[in-house]
Amino acid sequence: MIEPHAPAPPGTAPPRGGRARLPVRPGTGRFLVLAGVFVCAACGLVYELELVALASYLIGDSVTQASVVLSVMVFAMGIGSLVAKRLRPLAAAGFGAVEAVLALVGGCSALALYAVFAWTGDWGGMWANGPRCLLVAFSLTIGLLIGAEVPLLMELIQRIRRQDAGGAVADLFAADYVGALVGGLAFPFLLLPLLGQLTATLITGAVNAVAGGALVLGLFREDLSRRARWLLVIANVTVLGVLASAAVLVDDFERAARHAVYGRDVRVALQTDVQEVVITGGTHGRPLDLFLDGRLRVSGRDERRYHEALVHPAMSGDHTRVLILGGGDGLAAREVLRHPGVRRVDVVEADAAVVRLARRDPPLSKLNSHAYDDPRVHVMTGDAFRRLRAVPPATYDVVISDLPDPGITASTKLYSQEFYGLARRALTPRGRLAVHAGPVSSRPRSFWTVDTTLRAAGLRTAPYCVRGRDSRFAPGPDRSAGPTGAPHDWGFILAGRGERPALRLREGKGAPRLGTLTQEGLVADAGVAEGTRVGGLGVSTLVHPRY
């Protein structure tokens, strides 16, 4: 560490404007600047993670959204650093202005992105990609402002105490990276579960404004003119006022936005450790709809057609022991229990809150015929992949994979060759696996990739589909597709360990009476699915997903 009176090493530019006049000792002042770097870095990373998380929830495909946000933001940080070189003679005033704008933009980014999605997400036309454009705009703006911090803070540190450039950079980046670590851990483990995305981002903006304003006005106030000090005070008070007002109104805003997305008939809305769960309708004759992370998973208008097609073809043989992967709503279990001879049904659901709702929410429990009250049904909460790894070989006669569409990042591993290999091992020699494989008509490549992957895992397959679904929401990986982009069919694949399983429904005494599914319709729709076959597709694996 070079003391103030020591000569600077050759090639080191002298600090601009001379040594700062500080109200504290230089060592204390330097510590306060590094503390400010720490806080601002933590806030910057929270903005970054918030954009990734909210974009993944609103738009879909978390890998794509994370790549867009991170790449655009890093690029913008480089541009911001170059632009901020011109502000170095006015480092204190420039840093104060940058932090005020960053606090406002970053703090309000989640609200603005959610508002655009909620109220304009179904416009279509030229605005079909509006949420994506806004995501890029926020990533670019926040990146520019974060990038501008570094040269300005370097100038402020050098004005406190002259130091060789390498040592100053090391100190600055050490504080910056430690702050990023704290912000990165605080977002998923503290801010998100306790405050939610909107409130957490607003509070982060307030902390950012206070830290930046306090550092400049408290430590470098002598570097500012009287007019600049007042402008900075007014700017920070305004930013804090906007963020505080938004925080007070955030619950009303979220309620209004939710109604704009789901309609006025929202009965249940909760954020679990896994996902957002919303239930609409189910009372006064209105059909029940269940949304998970904004994607329609159950529609009371036609859910019976989906669950009959998923379950009953797989139940045409032995079905003493049945494993349901997903299906926490209890509707697949309802269809399984309609078959005599079932002795045990194991349900593996990732979200315990969905199971609690299926047990306790009167309309939903009525819809699933109180399946969880049946002593044969046993629920295990956890990851389906991990559960399958613990299943002894040849345990189940039937395995039903009632999981979200392939292509949703969180579900990709549940449509992999490794996953289907575990499912094959869990089946008895004559066992059958039924897989929900996404829509056939709108995403045939994904559907036939599932088929290719199943066959690569040593299973014989019989693809089929059923038509007729609620078209108001796209349940697949892209939520911004709009109503016209929502698929109008469900695709399924029945697989077996031995010979190719026959697509047939149980007949005769004890066979359940089905509402809409018939043997003739099942065979005809299998032909429709076969007509969309896409050849030459690769196998999806854990390390090389292809959806």
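Which residues of H6 are buried? In this predicted model, the buried residues of H6 are Leu232, Asn236, Val239, Leu243, Ala246, Val250, Phe253, Ala257, Arg258, His259, Val261 and Tyr262.

**Helix H6**

H6 covers residues 226-262, a run of 37 residues. From its first C-alpha to its last the helix reaches 51 Å, close to the 54 Å expected at 1.5 Å a residue. H6 also bends, by about 55 degrees, and the bend is at Leu249. Just after H6 comes Gly263, whose phi is positive, at about 95 degrees.

**Packing of H1, H3 and H4**

Helix H3 (residues 91-120) packs with helix H1 (residues 26-58) and also with helix H4 (residues 130-160). The two pairings are set out below.

| Helix pair | Angle between axes | Axes apart |
|---|---|---|
| H1 and H3 | about 15 degrees | 10 Å |
| H3 and H4 | about 160 degrees | 9 Å |

Angles under 35 degrees count as roughly parallel, and H1 and H3 are therefore roughly parallel to each other. H1 passes H3 in a left-handed crossing. On the H1 side, the contact is made by Cys40, Tyr47, Glu50, Leu51, Leu54, Ala55 and Leu58. H3 contributes Phe95, Glu99, Leu102, Ala103, Gly106, Gly107, Ser109, Ala110, Leu113, Tyr114 and Phe117.

The crossing of H3 past H4 is left-handed.

**Two single residues**

Gly27 lies in helix H1. Its relative accessible area is 38%, and Gly27 is therefore partly exposed, since that class lies between the 20% limit for buried and the 50% limit for exposed. The C-alpha atom of Gly27 is separated by 8.3 Å from that of Ile160, although the two residues are 133 residues apart along the chain. Ile160 belongs to the range of H4, residues 130-160.

Thr449 is placed in helix H13 (residues 444-456). Its relative accessibility is 3%, so Thr449 counts as buried. Leaving aside residues up to four places away in sequence, Thr449 touches Leu537, Gly538, Ser540, Arg546 and Tyr547.

How values were computed. Residues are numbered from 1 along each chain as its sequence is written. This is a predicted model: local features need pLDDT of at least 70, side-chain atom pairs count only at pLDDT 80 or more; totals for chains, interfaces and linings use all residues. Side-chain values use heavy atoms; hydrogens and water are left out. Helices (H or I, at least four residues) and strands (E, at least two) are DSSP runs, numbered from the N terminus. The expected span of a helix is 1.5 Å times one less than its number of residues. The bend at a residue is the angle between axes fitted to the seven residues ending there and the seven starting there. Buried means under 20% relative accessible area, exposed over 50%, partly exposed in between (1.4 Å probe, protein chains only). Axes are lines fitted to C-alpha atoms, for helices over the stretch in contact, and angles run from 0 to 180 degrees between N-to-C directions. Angles under 35 degrees count as roughly parallel, over 145 as roughly antiparallel, 65 to 115 as roughly perpendicular and the rest as oblique. A crossing is left-handed if the near helix is turned anticlockwise from the far one by less than a right angle, and right-handed if clockwise. Contact means heavy atoms within 4.5 Å.
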